[in-house]
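Let's take a walk through this one together. Have the viewer ready and follow along.

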Amino acid sequence: MAQTSFELKAQDGQARTGVISTPRGDIRTPAFMPVGTAATVKGMMPESVRATGADILLGNTYHLMLRPGAERIDRLGGLHKFMNWDRPILTDSGGFQVMSLSDLRKLTEEGVTFKSHYDGSKHHLTPERSMEVQKLLGSDIVMAFDECPALPADRDRIAQSMRLSMRWAQRSRDAFGDRPGHMLFGIMQGGLESDLREESAKALTDIGFDGYAVGGLAVGEGQDAMFGCLDYAPGFLPEDKPRYLMGVGKPDDIVGAVKRGIDMMDCVLPSRSGRTGQAWTRRGQINIKNARHADDPRPIDEHCTCPACSSYSRAYLHHVFRSHEMISGMLLTWHNLHYFQEIMQGMRDAISEGRFDAWEADFHALRAEGDI
Ligand SMILES: O=c1[nH]cnc2cc3nc(NCc4cccs4)[nH]c3cc12
Ligand SMILES: [Zn+2]
């Protein structure tokens with residue numbers, strides 16, 4: 001009995017909408033995953049995250065294995081119980097965070113050794129250990145252990161890195177074993193080289209995964225280069241499996257990725273920028289700390305139904321940000337996550353009704369440049 005499945009409901013151009021079914025609940029695609037790095041979506045209660053419309057959230061293996069520790073979370077009943085979120089959780093495999101966060105890293109065929117950026121303690125991550133950590137956490141969707149090459153990198157470096165990741169993908173698959181009710185996703189690499197991307201997709205497909213991520217993007221290449229890669233890379237992947245673009249992105253990145261066949265995304269942007277006073281809206285961005293909001297009685301967005309827009313003025317939000325009150329980041333995070341989920345729902349409906357192009361045109365038409 002599979003216990004997990006992906007059903008495509010409709011397609012409009014390259015854009016798709018469907019449902020990933022898991023024992024902990026269904027995930028409506030295209031899906032946006034809020035990031036819950038240290039077992040919390042910062043500033044949000046889990047029930048509030050759910051209220052924004054999220055079906056699944058992301059946990060970071062690197063952070064949780066260092067603090068509080070994967071074995072400790074396992075002893076306490078697993079990540080879902082620990083953080084009071086009973087719906088699906090996808091965990092990344094830790095390699096990317098090691099390379100972007102830790103100190104004194106050493107990369108070998110075996111894996112990576114590194115020092116914790118929290119306390120300097122020494123740690124080792126391999127495909128096998130990453131699978132063990134993600135199993136201890138109890139995540140529903142497990143990511144293969146990969147290496148995302150630092151940019152800029154020449155073609156040879158990208159090819160060598162991709163081929164290492166493919167050997168690690170096989171080791172991840174072997175170590176993951178057969179776990180009904182859980183999914184293992186492979187991660188495509190290959191930089192911006194279409195032949196290397198195709199080689200990676202074939203290697204992953206030959207190994208066989210429950211879903212496929214497009215890795216190695218949203219690492220500073222810029223939207224044009226990212227979309228250029230997405231014009232062909234998703235098409236190298238099996239069309240009956242979910243496609244997950246890691247680390248994306250701004251609202252217009254998200255729309256452009258779905259347009260090109262992506263089904264799942266995650267990004268810290270709505271939560272992280274919310275804590276800094278940046279509100280994302282259908283008409284553009286607002287930095288609420290700007291003095292011009294000090295006397296503005298209007299909500300951030302009069303069409304938005306989130307708690308921030310339903311009950312608070314820009315003047316109030318301006319005040320609580322200027323006063324460094326805790327409620328400031330809470331309200332703006334909630335608004336941003338609500339808005340990101342509203343974009344996803346809008347695309348799911350538009351694809352279902354065969355009007356994605358019209359929806360996309362409307363999405364872009366409303367967006368003014370700069371602060372509104
Ligand atoms: O190839 C990848 N493999 C595994 N995890 C990733 C996470 C990723 N996150 C971003 N972009 C968002 C960022 C978050 C922090 C620095 S960039 N790009 C990413 C690429 C990968
Ligand atoms: Zn709102």
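This is a predicted model: local features need pLDDT of at least 70, side-chain atom pairs count only at pLDDT 80 or more; totals for chains, interfaces and linings use all residues.

Residues are numbered from 1 along each chain as its sequence is written, chains are lettered from A and ligands numbered from 1 in the order in which they are written, and side-chain values use heavy atoms, with hydrogens and water left out.

Start at ligand 1. The residues around it, meaning those with a heavy atom within 4 Å, include Phe96, Asp146, Cys148, Gln189, Gly216, Ala218 and Met246. Some of them make polar contacts, which here are pairs of N or O atoms within 3.5 Å. The side chain of Gln189 puts an N or O atom 2.9 Å from an oxygen of ligand 1. On its own, ligand 1 has 460 Å² of accessible area, and the protein covers 74% of that (areas by Shrake-Rupley with a 1.4 Å probe).

Now for the backbone. Thr29 and Pro30 are joined by a cis peptide bond with omega of about -5°, and Pro30 is in the loop between β3 (25-29) and β4 (31-33). Another cis bond links Val248 to Gly249, with omega of about 5°; Gly249 belongs to the loop between β13 (243-245) and α10 (251-259). Then there's Ala39, which isn't a glycine but still has a positive phi of about 70°. Look for Ala39 in the loop between β4 and α1 (46-51).

On to the charges. Count a salt bridge whenever a side-chain nitrogen of Lys or Arg is within 4 Å of a carboxyl oxygen of Asp or Glu, and you get 25 of them. Among them is Arg28 with Asp55, whose closest N and O atoms are 2.8 Å apart. Arg28 is in strand β3 and Asp55 in the loop between α1 and β5 (57-59), so this pair ties together parts 27 residues apart in sequence.

Technical notes
A polar contact is a pair of N or O atoms within 3.5 Å; within protein, one must be able to donate a hydrogen and the other to accept it, and residues adjacent in sequence count only if both atoms are side-chain atoms. Helices (H or I, at least four residues) and strands (E, at least two) are DSSP runs, numbered from the N terminus.
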